[in-house]
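Let's take a walk through this one together. Have the sequence and the 3D view side by side, and we'll go stop by stop.

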Amino acid sequence: MIIKAHKQGNSMMITLPSFLKVEEGTSFEPRMLENGTIELVPTTKNPSSMKELFKNWNGKYNPDPEMKDWDNINPSGNEIM
């Protein structure tokens with residue numbers, strides 16, 4: 001498959017084919033390699049929930065000693081529990 005760059009304003013645009021399964025809104029860091037290859041490196045995605053943030057974490061929870069009182073504080077507003 002061959003794709004072409006096209007001009008949009010002051011930028012050059014390249015459309016990525018759907019078989020690459022790039023999610024809408026994905027951010028990339030572009031790099032130009034010495035051989036002229038353009039590399040798009042996905043940046044770290046911000047998690048949409050605490051569950052997503054910790055989905056691959058299997059370690060032990062070791063809270064900072066200065067934060068020990070936080071476990072016993074009741075919410076006072078619309079905090080997420």
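Where does Lys21 lie? Look in the loop between β2 (11-13) and β3 (28-32); strands here are DSSP runs of E with at least two residues, helices are runs of H or I with at least four, and both are numbered from the N terminus.

Before going further, a word on what you're looking at: this is a predicted model, in which local features need pLDDT of at least 70 and side-chain atom pairs count only at pLDDT 80 or more, while totals for chains, interfaces and linings use all residues. Residues are numbered from 1 along each chain as its sequence is written, and side-chain values use heavy atoms, with hydrogens and water left out.

Most residues other than glycine have a negative phi. Lys21 is not a glycine, yet its phi is positive, at about 55 degrees. Lys21 also counts as exposed, because its relative accessibility is 71%; exposed means over 50% relative accessible area, buried means under 20%, and partly exposed is in between (1.4 Å probe, protein chains only).

Now for the charges. Side chains of opposite charge can pair when their charged atoms come close. The structure holds two salt bridges, each being a side-chain nitrogen of Lys or Arg within 4 Å of a carboxyl oxygen of Asp or Glu. Arg31 takes part in one with Glu29, where the closest N and O atoms are 3.5 Å apart. Arg31 also forms a salt bridge with Glu39, and there the closest N and O atoms are 3.6 Å apart. That links Glu29, Arg31 and Glu39 in a network. As for accessibility, Glu29 is partly exposed at 39%, Arg31 is partly exposed at 37%, and Glu39 is partly exposed at 30%.

Next, head for the start of the chain. Met1 sits in the segment before β1 (6-8) and counts as exposed because its relative accessibility is 76%. Ile2 is in the segment before β1 too, and it is exposed at 80%.
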